[in-house]
Amino acid sequence: MSTDSVADILAGRTTLGIELGSTRIKAVLIGPDHRPLAVGTAEWENQFVDRVWTYSLDAIWTGMQQCYSALLADVQRTYAVELSSVGGLGISAMMHGYLAFDADGHLLTPFRTWRNTNTGRAADELSDAFGANIPHRWSVAHLYQAILDDEQHVARIAHVTTLAGYVHWRLSGRQCLGIGDASGMFPIDSTTGGYDAVMLHEFDRLTADSPLPSKLADLLPLVLVAGQPAGELSPDGALLLDPTGRLSPGAPMCPPEGDAGTGMVATNSVAPRTGNVSAGTSIFAMTVLESPLSRPHREIDLVVTPAGDPVAMVHCNNGASELNAWAGLFGEFASAAGVPVDVGTVFEVLLGSARDGAADCGGLMAFNYLSGEPITDLEEGRPVFFRAPGSSMDLATFMRTHLYAALATLRMGMDVLQRDEHVRVERMFAHGGLFRTAGVAQTFLSAALDTPVCVGDAAAEGGAWGAAVLAAFTLHRLRDPASLGEFLDCEVFAHAALTTVEPQREDVRGFSAFMKRYVQALPVERAAVQYG
């Protein structure tokens, strides 16, 4: 136990980041050196209700309180002191989706998460009208679909926000959003640092005869860039996070960001020709652009970094969930056989075995689609595994097949960037649960993208750590006008350790051969959705 760390905690020389992910809420407390001091987590899961993926507001706050309580316990266990205040606070959460409130702050319709793909007509019409790709999961697509569907709640909307924006609002009283998260609600003009004025005008024209009560700009959150103050933890917010009353209000808060933005921060991927891949329930790649793309692509979202610089995003709805399901099955088998093992060991053994699998997966094929996948034009998903007669059904190749499947749709989107748009990526940083087993998924991602892939020890705590770093940056900007990139390079990552894997030719050829069969087999997945 470090006496310096104890002193930092007691003096409030810390910042706290909390991220609400798809299956887990995580809190990370960091000290002045930006290293994690304590961690707390809580598990949660979305519900499929009336054909909509959602979380209840009660689940949000129950999970937040459990997560914060676990953090308090970790501080007490590690340092034998009570955490009663923090120097700064940052909130991050899953991007996109739809949370619409009336003037009294009441939720008008259940939270519609990024996972929903029932917005196809809205996405198509807005993409045509804007001359830009508007993905299914973006907030404006959900809003416009509600208008197209004549939903009664539209006439009562006072404001629309994301999950991070909602949590920040309840904790601070301020309705604002970090520019990265805002760029997943509505297109951003990087030259002005706000919503695209031309597209706002076009949306208002399209909805002039709708019951929407005001112009769209009046319904969207205020946009802030990294480093700008975004209010402070209110007395009500402190009690909401810590019902015991031990947490003091007043902590300055940074703009709330989406998980893509905190992922960029956690991997120091905010400069041109850098990028990162985040792999969890979904999997997505963020590549910071040097110049605009030649034309819109439905596989590519144009978003921005937390500092407002343009980014090409390849987002795939389906990531590691199906791998988790198979790991659960193998763990259950081990227990039934009388040799129970913990979840970490199950993953270590299963993913570790994949190193020895056939480079092209030897006739095995899998689709990890638990939900729809816009990149492959599927509104719903069905997990599928099949193999050719005579293929080798060994554990190593089986696991490699499922790891390849988790990366396959990402590869399809990245091909558009790398081959069609000739976007250069010098290296990709990887983070998320898929990369916890050292070297395995990292090696396969390097083969999938034919690009060096780095994993850093500092980013091990993911987006929650990134949110804490953004909170620290807001405090830093009070005394130093450094840019976000300069702050990360000089203050946070100056001595960070990185492990880099270079693409291996055999794996690159093997992944390409797998992808050829994957594309040819897509009709099997479509049939499973239709008849399954």
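**Figure 1. R505 pairs with D450.** R505 is partly exposed, at 43% relative accessible area (buried is under 20%, exposed over 50%, partly exposed in between; 1.4 Å probe, protein chains only). This is a predicted model: local features need pLDDT of at least 70, side-chain atom pairs count only at pLDDT 80 or more, and totals for chains, interfaces and linings use all residues. Residues are numbered from 1 along each chain as its sequence is written, and side-chain values use heavy atoms, with hydrogens and water left out. D450 is also partly exposed, with a relative accessible area of 39%. R505 and D450 form a salt bridge, with 2.6 Å between the closest N and O atoms (a side-chain nitrogen of Lys or Arg within 4 Å of a carboxyl oxygen of Asp or Glu). R505 lies in helix α16 and D450 in the loop between α13 (440–449) and β21 (453–456), so the pair ties together parts 55 residues apart in sequence. Helices (H or I, at least four residues) and strands (E, at least two) are DSSP runs, numbered from the N terminus.

**Figure 2. R400 pairs with D507.** The closest N and O atoms of this salt bridge are 3.3 Å apart. The pair links distant parts of the chain, 107 residues apart: R400 in helix α12 (residues 395–420) and D507 in helix α16 (residues 505–520). R400 is buried, at 3% relative accessible area. D507 counts as buried too, at 11%.

Figure 3. E202 counts as buried, with 18% relative accessibility.

**Figure 4. The second largest cavity.** The whole structure holds two cavities of 30 Å³ or more. On a 1 Å grid over the protein atoms alone, a cavity is a set of points where a 1.4 Å probe fits but cannot get out; lining residues have an atom within 4 Å of a point. Points are joined across faces, edges and corners, and a volume is the space filled by probe spheres set on them. The second largest cavity has a volume of about 40 Å³. Among its lining residues are I179, L224, C254, E257, P306 and T474. The lining divides into eight nonpolar, three polar and one charged residue.

Conventions: On a 1 Å grid over the protein atoms alone, a cavity is a set of points where a 1.4 Å probe fits but cannot get out, and a pocket is an open set with protein on both sides within 12 Å along at least five of seven lines; lining residues have an atom within 4 Å of a point. Ala, Val, Leu, Ile, Met, Phe, Trp, Tyr, Cys and Pro count as nonpolar, Asp, Glu, Lys and Arg as charged, and the others, Gly among them, as polar.
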